[in-house]
Amino acid sequence: MAREYKDSGIEWIGDIPKEWEVRRIKSIFTERTELSENGDETLLSVSEYYGVANRKDKIEDGEFVSRAESLVGYKKCYEGDLVSNIMLAWKGSLGVTDIDGIVSPAYCVYKPSKEIFPHYYHYLFRTSLFTSIFRLFSKGIIDSRLRLYSPYFYAISTLFPPLLEQQKIAEYLDKVCGEVDELVALQEKMIEELKAYKQSVITEAVTKGLNPNVPMKDSGIDWIGEVPEGWKVCKLKNVYQLLNGRAYLDPELLEEGKYRILRVGNLFSSDKWYYSDMELEDNKYCQSGDLLYGWSASIGPYIWEGEKVIYHYHIWKVLFSNNNLHFSYYLLYALTLAKQRDMHGSAMQHLTKTNMDNSFIALPPLSEQQSIASYLDTKCTEIDALIAIKQSKIDELKEYKKSVIYEYVTGKKEVVWIQKQ
């Protein structure tokens, strides 16, 4: 029998199942303002990507659990509470916690009423339907200043299915989303394996060449090992020159006659450019075909293919003579991998120019550089194509997960069966 629907009376919600209601959020959540007296509780983080989790489980190696001197006065929350980063709620940075803990005093914590199954609202409030409404009700002039304060959060209307159906929907989505997440994790693992394989292929080629039968000699350098007899081993500064870009002050918006400033972020995206009226002079600009190097660890060599631009001092321009451009790119790529242990910085890992200049490299004759570069161009293109296929699959799975969540939490589809654990 087809499910019956009715008009919710709320334009942005639309039709809902006949048995469902619409209520104000204020009627099902109350703000919790309990503060930690000693700061010893588990510190939780809130993210648009995963909701609420133990911060220790989400930080990268080398990051701090907290930079605060003390966690006294942080807000306490309990299993089943809804935690909202009011500055980013409009991006989905909220969720229901599965464990007791504490969160930033800048966040809001909401205790659920006994009429609801909290995890249903974990899924509902993170859909695009609700994040768009959260944005509308947030107060602030620009995105970085938007805040979803409790009075405005409370004023928003929300879906209210029967309690049992809330539970069924949440448990069904736990199951389906768990399965999707496992498939995503599998694809991500494959991508990491492909990236590791690509790195090994590049390092092997730029240190050993393509002929496995050529006589070898010891380079005396750990990361290089043995090299073909006809190759030379030298410091990078004897072959390449790294030129710092230009510092700039008070970047301005686009105006006629101003030049673009290439920053590290623009090596991957041209969404946001800075502009300056500094002139293009000396070697403080780059043009298509130049080999660039961002000194942060995450940004290795990059062949610029854009217009002529000023480049920022966080970028090095690589000058060389009688060396193949693409071979030089792969050589610096392999060197960056080998120099990971020498990187400095807490928030952003980077290599110093002195460290790079004094790094040893293996250099084959030009003709062999060209052969190696051609081989790696082909091989890396093949690997990148496989990575792209895996990434496309991940994107499809994530979109499927979003659509499944949306269809069930809004009542467009009904849970008619759920596997019992």
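**Cores and selected residues of a predicted chain**

Let me begin with Phe153, which, leaving aside its neighbours within four places in sequence, is in contact with Ile25, Leu82, Tyr110, Phe125, Phe134 and Leu148. Contact here means heavy atoms within 4.5 Å. Residues are numbered from 1 along each chain as its sequence is written, and side-chain values use heavy atoms, with hydrogens and water left out.

I turn to the nonpolar cores. A nonpolar core is a set of buried Ala, Val, Leu, Ile, Met, Phe, Trp, Tyr and Cys residues joined through side-chain atoms within 4.5 Å. Buried means under 20% relative accessible area, exposed means over 50%, and partly exposed is in between, with a 1.4 Å probe and protein chains only. The largest core has 50 residues, and those touching the most other members are Phe29, Tyr120, Tyr121, Phe125, Phe134, Phe153 and Leu173. At least two residues of this core come from each of β9 (94-96), β11 (108-112), α1 (118-124), α2 (128-137), α3 (150-154), β12 (157-160), α4 (163-208) and α7 (366-409). Helices (H or I, at least four residues) and strands (E, at least two) are DSSP runs, numbered from the N terminus. Which helix gives the largest share of this core? That is α4, with ten residues. Another core, of 37 residues, lies apart from this one, and Trp231, Cys234, Val239 and Leu291 are among its members. As general background, nonpolar side chains tend to be buried together in soluble globular proteins.

Helix α2 deserves a separate word. Its buried residues are Leu129, Phe130, Thr131, Ile133 and Phe134. Their cover includes β9, α1, α3, β12 and α7.

Now the chain as a whole. It contains seven helices and 24 strands. The radius of gyration, taken over C-alpha atoms, is 28 Å, well over the 22 Å that the globule rule gives for 421 residues, so the chain is more spread out than a compact globule. That rule is 2.2 Å times the number of residues to the power 0.38. Along the principal axes, the C-alpha atoms fill a box of roughly 80 × 50 × 50 Å. Of the 421 residues, 44% count as buried. Among contacts between residues at least 6 apart in sequence, 69% join residues at least 24 apart.

Val103 lies in strand β10 (residues 101-103). Is Val103 buried or exposed? Val103 is buried, with a relative accessible area of 0%. Beyond its neighbours within four places in sequence, Val103 is in contact with Leu44, Tyr74, Lys75, Cys77, Val83 and Val109. Asp290 is 187 residues from Val103 in sequence, and the two are 47 Å apart in space, C-alpha to C-alpha.

Asp81 is placed in the loop between β7 (75-77) and β8 (82-84). Asp81 is buried, with a relative accessible area of 1%. Not counting residues up to four places away in sequence, Asp81 touches Arg32, Gly95, Val96, Thr97, Val109, Tyr110, Lys111 and Pro112. Between Asp81 and Tyr107 there are 26 residues of separation in sequence and 12 Å in space, C-alpha to C-alpha.

Tyr293 is found in strand β20 (residues 291-294), and Tyr293 is buried, with a relative accessible area of 1%. What does Tyr293 touch, not counting residues up to four places away in sequence? The list is Gly300, Pro301, His314, Ile315, Trp316, Val318, Leu332, Thr336, Leu351 and Met356. Lys139 is 154 residues from Tyr293 in sequence, with a C-alpha to C-alpha distance of 41 Å.

Finally, Glu382 has its place in helix α7. Glu382 is partly exposed, with a relative accessible area of 44%. Glu382 and Lys198 are 184 residues apart in sequence, yet 9.7 Å apart in space, C-alpha to C-alpha.

Definitions and conventions: Predicted model: local features only at pLDDT ≥ 70, side-chain atom pairs only at ≥ 80, totals over all residues.
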